[in-house]
Amino acid sequence: MQRVKEASVSIDGTVHGRIGKGFALLVGVSDTDGDEEVEYLTHKISKLRVFEDENGKLNLDINAVNGAILSISQFTLYADTKKGNRPSFTKAGEPAHADKVYQQLNESLRQTGLDVQTGVFGADMLVNIQNDGPVTIIFDTDNK
């Protein structure tokens, strides 16, 4: 997750999603991910206080700043580079399962009242992210 001033995703030269202030989520899913991980991530992402208050402290959540989310599926987060120079992606979730969990996460975030824009699962996308801070946080649901 990256805190952004703005972010967008284009597919075949056409903007598919665009946000101003908020979060760009780069979402990787494994075959063991499911409802529990979606619930955990929804709570953490929607309540995480990483926006500055009037005193410059990271004390406000995304709702307090009227932020939005750009959610991008990204199986390459599961790259294994231990052997050789070509990454292996065998730890990434099977596409049908990963798409289901990715869609569940997006819908769960929407149910909290957040505006969630997305890319297209499995598409070749051009993602523009203006990281603010920079603030980048990794949520590893295997270590929650």
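**Figure 1. Overall fold of the predicted model.** The protein has two helices and eight strands, where helices (H or I, at least four residues) and strands (E, at least two) are DSSP runs numbered from the N terminus. Followed along the sequence, these elements give the pattern β-β-β-α-β-β-β-α-β-β. The model is predicted, so that local features need pLDDT of at least 70 and side-chain atom pairs count only at pLDDT 80 or more, whereas totals for chains, interfaces and linings use all residues. Residues are numbered from 1 along each chain as its sequence is written, and side-chain values use heavy atoms, with hydrogens and water left out.

**Figure 2. Dimensions and surface of the protein.** The C-alpha trace spans about 50 × 35 × 30 Å along its principal axes. The radius of gyration, taken over C-alpha atoms, is set against a globule rule of 2.2 Å times the number of residues to the power 0.38; for 144 residues a compact globule would have a value near 15 Å, and the 15 Å of the protein agrees with this. The accessible surface, from the Shrake-Rupley method with a 1.4 Å probe, comes to about 8,600 Å², of which 46% belongs to carbon and sulfur atoms. Of the 144 residues, 40% count as buried, a term that means under 20% relative accessible area (1.4 Å probe, protein chains only).

**Figure 3. The largest nonpolar core.** A nonpolar core is a set of buried Ala, Val, Leu, Ile, Met, Phe, Trp, Tyr and Cys residues joined through side-chain atoms within 4.5 Å. Of the 22 residues in the largest one, Phe-23, Leu-25, Ile-45, Val-50, Ile-69 and Leu-109 touch the most other members. At least two residues of this core are supplied by each of β3 (22-27), α1 (35-47) and α2 (95-110), and the largest share, five residues, comes from α2. Apart from this core lies another, of ten residues, among them Val-4, Val-9, Ala-68 and Leu-70.

**Figure 4. Surroundings of Ile-69.** When neighbours within four places in sequence are left aside, Ile-69 is in contact (heavy atoms within 4.5 Å) with residues including Ile-19, Phe-23, Leu-25, Ile-45, Ile-62 and Leu-109. The contacts of Ile-69 also include Leu-114, Asp-115, Val-116 and Gln-117. Across the protein, among contacts between residues at least 6 apart in sequence, 68% join residues at least 24 apart.

**Figure 5. Asp-132 in strand β8.** Asp-132 has its place in strand β8 (residues 126-136), and it counts as buried because its relative accessibility is 17%. With neighbours within four places in sequence left aside, Asp-132 is in contact with Arg-3, Val-4 and Lys-5.

Key:
Buried < 20%, exposed > 50% of the residue type's maximum accessible area, 1.4 Å probe, protein only.
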